[in-house]
Amino acid sequence: GGFAFLERKLRRPRLVAKRRTKVDLEALAVLENGQAPADWAGQWFLRRLEARGLRPTCQVSYHRTARGVIDDGGPARLTLDDSIRAHAIDGVRFSDDLGVSIAEPRLILELKFRGYLPAAFKRLIEEFALSPSPASKYRYGMAAIGHTVADPADSARASGVHA
């Protein structure tokens, strides 16, 4: 039982585009053996891994609190990630080993919205004197397990498997 998301993010200034596909956990073996049925939903992800020669190196886990709101500007979402941990891996499977703690004692807060900044988010930013800064759980995790990762300015793409 269970499922995972195959995800690709494309970041540009002030824009994040995602492609995300839900697959059964058992189907993740396809990512290692490359033997996928032609109609498998994750075929696009497998092709991307093969084209770039990518392999699993880091499992990142965290606890997420998410809240949504709808205002005049449309839907908005707040996520708060804590207990962020990284574990070195060498295959497409999820480990129970939590690895090392990263980004502590900080939390990662994301405010997701379209158009203008919702009033609730504006109040939150003012009340807690928040200022934006780049944060990547993947990059923090890779550093924590001893790997270096190219600067985001060098490449606007990131791929991952999330459960």
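**Close-ups of a predicted model**

**View 1. Alanine 129, out in the open.** Alanine 129 is exposed, its relative accessible area being 66% (exposed means over 50%, buried under 20%, partly exposed in between, with a 1.4 Å probe and protein chains only). You'll find alanine 129 in the loop between α3 (119–127) and α4; helices (H or I, at least four residues) and strands (E, at least two) are DSSP runs, numbered from the N terminus. Its phi is near 50°, a positive value in a residue other than glycine. Most residues other than glycine have a negative phi.

This is a predicted model, where local features need pLDDT of at least 70, side-chain atom pairs count only at pLDDT 80 or more, and totals for chains, interfaces and linings use all residues. Residues are numbered from 1 along each chain as its sequence is written, and side-chain values use heavy atoms, leaving out hydrogens and water.

**View 2. Serine 83, another positive phi.** Serine 83 sits in strand β4. Here too phi is near 50°, positive in a residue other than glycine. With a relative accessible area of 41%, serine 83 is partly exposed.

**View 3. The buried face of α4.** Lys137, Gly141 and Met142 are buried in helix α4 (residues 137–144). Looking down the axis of α4, its buried residues fall within an arc of 130°, so they line one face of the helix (the arc is taken from the directions from the helix axis to the C-beta atoms). Their cover includes β3 (58–71), β4 (74–88) and β6, counting contact as heavy atoms within 4.5 Å. Just after α4, glycine 146 has a positive phi of about 95°.
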